[in-house]
Amino acid sequence: MKYYSLNNPALETTFKAAVKMGLAPDKGLYFPKEIPALAKDFLERLPNLSKEAIALEVIEPYIGNEIPKAVLKQIIDETLCFEFPIIPVTDTIGSLELFHGPTLAFKDVGARFMARCLGYFNQQDQQTEKSTVLVATSGDTGGAVADGFLGVRGIDVVILYPKGKVSEIQEKQLTTLGKNITALEVDGVFDDCQDMVKTAFLDPEINTKKNLTSANSINVARWLPQMFYYFFAFQALADKNKPLVFSVPSGNFGNLCAGMMAQKMGLPIHHFVASTNSNKVVPEYLKTGNYQTQKTIPTISNAMDVGAPSNFVRIQQIMNHDFDVLQKHLSGYSYDDAQTKAALVRLYQSYNYIADPHGAVGFLGLEAYLNTLETSAYGVFLETAHPIKFLDVVEETLQRTIDMPERLMPLLNREKKALSIDSYTGLKNYLLNTD
Ligand SMILES: *Cc1c(COP(=O)(O)O)cnc(C)c1O
């Protein structure tokens, strides 16, 4: 499959190059040249397919012969090593729990898939020098990337995180893995980490010494495997015999955009809901037709604190830049922290379901949209993180403790290993002085 830059359709490249580069040289996002259609009999066969078989059939056309089928199968097996259950919440609403992966966040799927594709391509190139994945994190992304790349040959991962600004569990996930993962604890905020990473990518001295790669969510190998969730949910809910609506708690809009790709391939999804916190660029746009990026507002669903969603341009492309078509497929709702907390309480008290703040936003958007419908539909909100990852706010809001999942126990006893840096020089010295 060929990919092109959304800034310039003439700038074409392979899947491999798109994965290795992340962003096109003109800073455009890569987009597949064609959106493949599902096989005619796919929906007939779907009830009997394993999740690995679904994933293979869905992703294969996006890769073509650039990864041999046997290797791709193995990548998928290693990516999907956990469950994607749908928990009924009301009669017409279910929670698609995407947090059963190793770092308890839905980003595990994209990170694991991308890590393995990159590992394969580096090995194929017999690249003798290692690649260094450099990533800034406000919490969730770093853990998923670190875990996804752990032990992948030929790749070192360097993660920058803001000191004292990530939760204890998140910090453990970043700092205790060892092997090819290094954590740099930055005396500053997330934006400082992000600035340092950007500076490093443009620093000629570092680039002569290191092959820097980004594991950013705009990478096609992180974006596309997120389509799998929608196929799995569709399969699981076939017996409902109702139009399906997905509400996606959104920040950078990669996850929602993947759902809309799945629909475009032919998966019969009735409608999507973009659910956001106070960072509501997209819901406002859907209401007014006016796309206005905003300064980021900090909220309790902080993985969605994005004022300029990078993947929205891909959604525009899928919808042929037609506002009417977009509105037909997508509605948007936004909620502030007080509404989010009220939803957490209501989910718990009325439905005995403990959500995290991101899932709660998704639930609210879904409910609002379903209320506008005259016909009956079944709604799914994507529960993107385990509530334990947002322990403080969930416990305080629900006035109860949350049990630690068994598999997190060993993590809490592991020893933190991080190097402290307080300026760009610290990062530069580290990168120039390690092999
Ligand atoms: C990253 C993240 C989101 C937002 O996903 P996008 O694809 O950026 O829209 C939502 N919830 C959680 C928990 C996340 O980590």
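**Exercises on a predicted model**

At 0% relative accessibility, Val394 counts as buried, where buried means under 20% relative accessible area, exposed over 50% and partly exposed in between (1.4 Å probe, protein chains only). The structure is a predicted model, in which local features need pLDDT of at least 70 and side-chain atom pairs count only at pLDDT 80 or more, while totals for chains, interfaces and linings use all residues. Residues are numbered from 1 along each chain as its sequence is written, and side-chain values use heavy atoms, with hydrogens and water left out.

**Exercise 1.** Determine where Val394 is found and how its C-alpha atom is placed relative to that of Ala355.

*Solution.* Step one: Val394 lies in helix H18, residues 391-398; helices (H or I, at least four residues) and strands (E, at least two) are DSSP runs, numbered from the N terminus. Step two: 39 residues separate Val394 and Ala355 along the chain, and their C-alpha atoms are 8.2 Å apart.

**Exercise 2.** Compare the radius of gyration of the protein chain, taken over C-alpha atoms, with the globule rule of 2.2 Å times the number of residues to the power 0.38.

*Solution.* Step one: for 435 residues, a compact globule would have a radius of gyration near 22 Å. Step two: the protein chain has 21 Å, which agrees. Step three: the C-alpha trace spans about 65 × 50 × 45 Å along its principal axes. Step four: buried residues make up 56% of the 435 residues.
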